[in-house]
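Notebook open, structure on screen. I'm jotting down what I looked up, starting with a pair of helices.

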Amino acid sequence: MIGTLTSLSQRVVAVLGRVSMYRLVLMALSALAVIALALSAVGVFSAEPLITPAPLELLATAAVLVVVSAAADAGARRVLGLSWRLESSLITAGILLFILRPTAEPLGLLGIALAAAVASLSKYVIAWRGRHILNPASAGAAGLAVLSIVAPDLGTPSWWVGTPAMALPVVIAGLAVLWRTEKVRIVLVFLVTAVAVAVLRVSVQSQAAGFAFDLGTTFWQLLWSSPFLFLGAFMLSEPLTLPPRRWQQFTVALVVGVLAGWPISLGAISLGQERALLIGNLVAFSLAFSARAAVRLRLERRADVTPTVRQLEFRVSRPLSFAPGQYLEIDVPHRHADARGTRREFSIASAPADLPLLRIAYKENATGKRALSSFKRALAAVPDDGALSVTGVWGDFVLPKRTDSPLLLVAAGIGITPFVSQLRQMRLDGEDRDVVLVYVASDASELAFREDLEQSGVPVIVFTRDRPDDLPRTWMWARGVRLDADGLQQVVPDLAARHTYISGPPALIADLAPALEKSRSLTTDAFSGY
């Protein structure tokens, strides 16, 4: 069952991974805006005129948000000498559209413009080493809430997206985003916490006021008529303000859930949804202080690892902390970027002990550079001594702390990179583990990092169409063995006793995951859209 669910999940990730996260979020927000405009035009929102907007209010607010967000972002980046990313500005505008009160009044539009400016500028003013600390849209909404105390006509955050008519569209669009980022469980923890705490709050307040309390009605009203769905899917899940490890992300989800479910009164200001998320952002920053840095990489050398795999070795500009098996995101600004944008995730192929040198690897298509994405063409064109930016380090694809746990590592193609980091660090630390590596490649010439793997001394079982030459003593070619459940059991007889880690493209993981159901546990690391 675990393998089947993993297979389905990775097939969805493989499809969604063809579009960059920026573009996917922008497409989801645009679809929600169109749906909201259509529902408003046909009068679906007319029953709640104080909460939901009229078509003219939606259009006017959207226009102001887009213009001001784009102008503020472009101006700030020009001053700082950074490349401008229009999609980031549009995403900020899109989120604000659903959490501010839309209006066509001049003073109200001025408040909208101020919120957009605060949101955009917060990315650069409230930042640490090049990375913003607070969710920009939440910062903008909170700024407007504070201004509204002295100037009520400027408007306030309303979170009008929390209406039953928008609930299903938000769920569908939000699931696409969360599945792509593999944050479904994180947001589910937030939703369960927020709804449970909110139900408790309503129960306590109803009893104190002497009102009747109906659990079922209260639950569904809070789920479908609150902004929790939107907050979780499009704001809490923002990668740049989440800490790198999953347990840290769950912690932030719990904190935001509690504060969103039971807003804290601060006199004139109520600690509502946007401010709950801001506190969560601060918790996330404190949990991952060392990883919150925009590190510069300077290219030292490049090498061909196989006929289609290229390795880049960099020198880091400042201390960088990572665990073997984690990945980083690299930004390579270039013109005419394709649908996946200017950023990509790369598993780190070197060990922490190798710092300040750091290695990554990527695969070129066998058909040549014309078939490469715009990103890989730009990456291949980075000159010697050229500099690139790392936006952060993330990932939970790390080996268990207990060194007596038997492990099975399954690498498909370029998915060998996190295992190279782990095995290299194990060797340098003198760590003794029971490890078996299954390495799947299209043919023998595509077996990358053979020297690192051989030096680790672990048994390696190779699945290739042709027999590799000069196999090390601890290596075995799985000649004639089919890569399925029976085949794995044949080459790894104690499969059921091992904790399995599998890394590679989502489509390959989807094919292999059901065959690994017999293992003790299964942890995956997919290169989305790689």
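I began with helix α2 (residues 21–41) and helix α4 (residues 86–99), whose axes come within 9 Å and cross at roughly 35 degrees. Axes here are lines fitted to C-alpha atoms, for helices over the stretch in contact, with angles running from 0 to 180 degrees between N-to-C directions. Helices are DSSP runs of H or I with at least four residues, strands are runs of E with at least two, and both are numbered from the N terminus.

This is a predicted model, where local features need pLDDT of at least 70 and side-chain atom pairs count only at pLDDT 80 or more, while totals for chains, interfaces and linings use all residues. Residues are numbered from 1 along each chain as its sequence is written, and side-chain values use heavy atoms, with hydrogens and water left out.

Which residues of α2 meet α4? I found Leu 29, Leu 32 and Ala 36 among them on the α2 side, with Ile 91, Ile 95 and Phe 98 among those in α4; contact means heavy atoms within 4.5 Å. The residues of this contact divide into 12 nonpolar, 2 polar and 2 charged. For that count, Ala, Val, Leu, Ile, Met, Phe, Trp, Tyr, Cys and Pro are nonpolar, Asp, Glu, Lys and Arg are charged, and the others, Gly among them, are polar.

Next I checked Phe 230. Leaving aside neighbours within four places in sequence, Phe 230 is in contact with residues including Leu 29, Leu 32, Ile 95 and Phe 98. Phe 230 is also one of the residues with the most contacts inside the largest nonpolar core, which has 69 residues. Such a core is a set of buried Ala, Val, Leu, Ile, Met, Phe, Trp, Tyr and Cys residues joined through side-chain atoms within 4.5 Å. Buried means under 20% relative accessible area, exposed over 50%, and partly exposed in between (1.4 Å probe, protein chains only). A second, separate core of 28 residues includes Leu 407 and Tyr 439.

His 499 lies in strand β15 (residues 499–504). Is His 499 buried or exposed? His 499 is buried, because its relative accessible area is 18%.

Ala 151 sits in the loop between α6 (136–150) and α7 (164–181). With a relative accessible area of 25%, Ala 151 is partly exposed.
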